[in-house]
Amino acid sequence: MSFLRKVRLTLEMIKFEHSVFALPFALTGALLAVRGSGLAGARLWSKLGWIAVAMVGARSAAMAFNRLIDADIDARNPRTKMRHIPAGLLSGSFGWGFVAVSSLVFILAAYRLNTLCFRLAPVALGVIFTYSFTKRFTSFSHFVLGFALGIAPAAAWIAIRGSLDPRILWLTAAVACWTAGFDIIYSCQDYEFDVGAELFSLPRRFGVAGALRLSRVLHAAMLVCLLALVDSLDLGVLSVIGVAVVGGLLVYEHRLVKADDLSRVDAAFFTMNGYVSVLFFLFWAADIFYARGF
């Protein structure tokens, strides 16, 4: 098999195109940090470019790492047994090489951003790699995943400012609640397998119906956190409209999935959450660029 085909299969395995889930929130954190920072022109675009590289590198490393660590579990799960590694389409050695290269790309991007980002890069990798082990010992693995994605906007703020403003943690909390909520929905598909394999998840702990109720609570909490951020950073009406649009999309997402009918989980997970992240970014970026005179 050619090297390029292996790379293509690896990108397919990690669903590279789904980097869109977290990247818009990271870029929003960066744009919020830019307000009043005096950063503009080529320097600004360079920063945003390296933030995007860091996000893609970190997510690629995390996803490939997860597929490698979970290969034995995936091989036993009827839903996932045809994933690339258990199906024999990719070797573990190539996967580990991809993790190493992606991690180095992330660390290089952090180095190019600023000293604090570079020093925190190993910590960030530790957080995102830890998630892959959590389903083996805690039902709250969804929250670890939420935190792993939630640190992205705070990291982007640090990339722009070189320090952390506690107010941006409202966006970290919002992304963490959003991610944990949709991961709970997705994991409902594996309820029976998790029970049989004695893996930990909230659907296994509370049942599918209880897990879906908790997911709705988390998504409501996301909206509260976003409104708190609007207030703390004195954002404009476009940001509030963006929150309302996100709320409407989340309501529709939950209407797609029922405890006795999980046939539309993929639509709820992939399609709707892609819309959530992109539309959120568009409304908030518009607020920052136009309504606030940036």
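This is a predicted model: local features need pLDDT of at least 70, side-chain atom pairs count only at pLDDT 80 or more; totals for chains, interfaces and linings use all residues.
I shall start with a pair of helices. Helix α3 covers residues 41–69, and helix α5 covers residues 92–113. The two pack against each other with their axes 8 Å apart, at an angle of about 155 degrees. How, then, are α3 and α5 oriented to each other, roughly parallel or roughly antiparallel? The angle is about 155 degrees, and the cut-off is over 145, so α3 and α5 are roughly antiparallel. The crossing of α3 with α5 is left-handed. As for the residues that form this contact, 18 are nonpolar, six are polar and two are charged.

I now turn to two residues in loops. Which loop holds Glu-198? Glu-198 sits between α9, residues 191–197, and α10, residues 202–232. Its phi is positive, about 60 degrees, although Glu-198 is not a glycine. Glu-198 has a relative accessible area of 59%; since exposed means over 50%, this residue is exposed.

The second residue is Asp-234, found in the loop that runs between α10 and α11, the latter being residues 237–256. Asp-234 also is not a glycine, and its phi is positive, near 55 degrees. Is Asp-234 exposed or partly exposed? With a relative accessibility of 48%, Asp-234 counts as partly exposed, because the exposed class requires a value over 50%.

Thank you for your attention.

Note on methods. Residues are numbered from 1 along each chain as its sequence is written. Side-chain values use heavy atoms; hydrogens and water are left out. Helices (H or I, at least four residues) and strands (E, at least two) are DSSP runs, numbered from the N terminus. Buried means under 20% relative accessible area, exposed over 50%, partly exposed in between (1.4 Å probe, protein chains only). Axes are lines fitted to C-alpha atoms, for helices over the stretch in contact, and angles run from 0 to 180 degrees between N-to-C directions. Angles under 35 degrees count as roughly parallel, over 145 as roughly antiparallel, 65 to 115 as roughly perpendicular and the rest as oblique. A crossing is left-handed if the near helix is turned anticlockwise from the far one by less than a right angle, and right-handed if clockwise. Ala, Val, Leu, Ile, Met, Phe, Trp, Tyr, Cys and Pro count as nonpolar, Asp, Glu, Lys and Arg as charged, and the others, Gly among them, as polar.
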